[in-house]
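Please take a look at the structure below. The report that follows goes through its charged pairs, its aromatic pairs and its backbone.

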Amino acid sequence: ARWRGLTMSSGTPNDLSPSFQPLGAAEASRLLAAAERAAGFAYVPFSRFPVGAALLLANGEVVGGCNVEDGTYDLTAHAERVALWKAVSEGHRDFRAIAVWAGATPLHHVTPCGSCRQALLQWLPPEAPVVWLDGVLGEPVQTPLSALLPEQFRFNPPG
Ligand code: THU
Ligand code: ZN
């Protein structure tokens, strides 16, 4: 299952992204813990499925986000994009990694959804580690962002 990323213990780049530089195990665990704390603020009366995200900025700061559901359902904001746009709207431009947390059982085995992957690739380097908790292995894994969304859309303005 190497394509899913790296276990915290293995520490060797996988075949898809030979230049992938995962966070250290302690740093990854800290980021995941920040995502778990952010999930504590989730507003989820409809799904009852709290999600938290934590963005690691280049300056070492961490910006958290949680899902905020809406009665229309489709206006629901995802944790990852809340964290991203909080940070961007405060002037941050340099991002190193993101962690996402939705619980600690196989039922809560989550990675960012497709739309969040696209939004993250607008701002994070393609090789940025995405830290998530493998609910089946029961341990954090790291995946390079671009491996989660090959051939992402890029806007190349004409002229
Ligand atoms: N959710 C996120 O916050 N991030 C994702 O990328 C996937 C889905 C939230 C939206 C909704 O509140 C709940 O998870 C169930 O779909
Ligand atoms: Zn999403």
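## The salt bridge

Arg-96 and Glu-27 form a salt bridge, with their closest N and O atoms 3.4 Å apart. The model is a predicted one. The structure holds one salt bridge. Side chains of opposite charge can pair when their charged atoms come close.

The two partners come from distant parts of the chain. Arg-96 sits in strand β4 and Glu-27 in helix α1, 69 residues apart. How accessible is Arg-96? Its relative accessibility is 35%, so Arg-96 counts as partly exposed.

## A buried arginine without a salt bridge

Arg-117 belongs to helix α3, which spans residues 114–123. This arginine is buried, yet has no salt bridge. Which side chain of opposite charge is nearest to Arg-117, and how far away is it? The answer is Glu-80, at 7.6 Å. A salt bridge requires the nitrogen and the carboxyl oxygen to be within 4 Å, so Glu-80 does not qualify as a partner.

What does the side chain of Arg-117 reach instead? It makes a polar contact with the side chain of Thr-111, at 2.7 Å. It also comes to 2.8 Å from the backbone oxygen of Leu-148. Neighbours within four places in sequence aside, Arg-117 is in contact with Thr-111, Pro-112, Leu-145, Leu-148 and Leu-149.

## Two aromatic pairs

How many aromatic pairs does a search of the whole structure find? It finds two. In one of them, the ring centres of Phe-46 and Tyr-73 are 5.2 Å apart and the planes meet at 40°, so this pair is tilted. Phe-46 lies in the loop between α1 (25–39) and β2 (52–57). Tyr-73 lies in the loop between β3 (62–66) and α2. The pair therefore ties together parts that are 27 residues apart in sequence. Phe-46 is partly exposed, with a relative accessible area of 38%. Tyr-73 is exposed, at 56%.

Phe-95 and Trp-123 form an edge-to-face pair. Their centres are 6.4 Å apart, with 80° between the planes. Phe-95 is in strand β4 and Trp-123 in helix α3, so the pair ties together parts 28 residues apart in sequence. Is Phe-95 buried or exposed? Phe-95 counts as buried, because its relative accessibility is 4% and the limit for a buried residue is under 20%. Trp-123 is partly exposed, with a relative accessible area of 28%.

## Positive phi values

Most residues other than glycine have a negative phi. Which values does phi take in Tyr-73 and Glu-151? Phi of Tyr-73 is near 70°, a positive value in a residue other than glycine. Tyr-73 is the loop residue between β3 and α2 that pairs with Phe-46.

Glu-151 is not a glycine either, and has a positive phi of about 55°. Glu-151 lies in the segment after α4. At 77% relative accessibility, Glu-151 counts as exposed.

## The whole protein

The protein has four helices and six strands. From the N terminus on, the elements run β-α-β-β-α-β-α-β-β-α. Of the 159 residues, 43% are buried.

Among contacts with a separation of 6 or more, 62% join residues 24 or more positions apart. The protein exposes about 8,600 Å². Carbon and sulfur atoms supply 57% of this area.

Key:
Residues numbered from 1 in each chain as written. Chains lettered and ligands numbered in written order. Heavy atoms only, no water. Helix = DSSP H or I, 4+ residues; strand = E, 2+ residues; numbered from the N terminus. Buried < 20%, exposed > 50% of the residue type's maximum accessible area, 1.4 Å probe, protein only. Lys, Arg positive; Asp, Glu negative; His and termini not counted. Polar contact = N/O pair within 3.5 Å; in protein donor to acceptor, adjacent residues only side chain to side chain. Contact = heavy atoms within 4.5 Å. Phe/Tyr/Trp six-rings, centres within 6.5 Å; stacked < 30°, edge-to-face > 60°. Areas by Shrake-Rupley, 256 points an atom, 1.4 Å probe, with all protein chains shown as cover.
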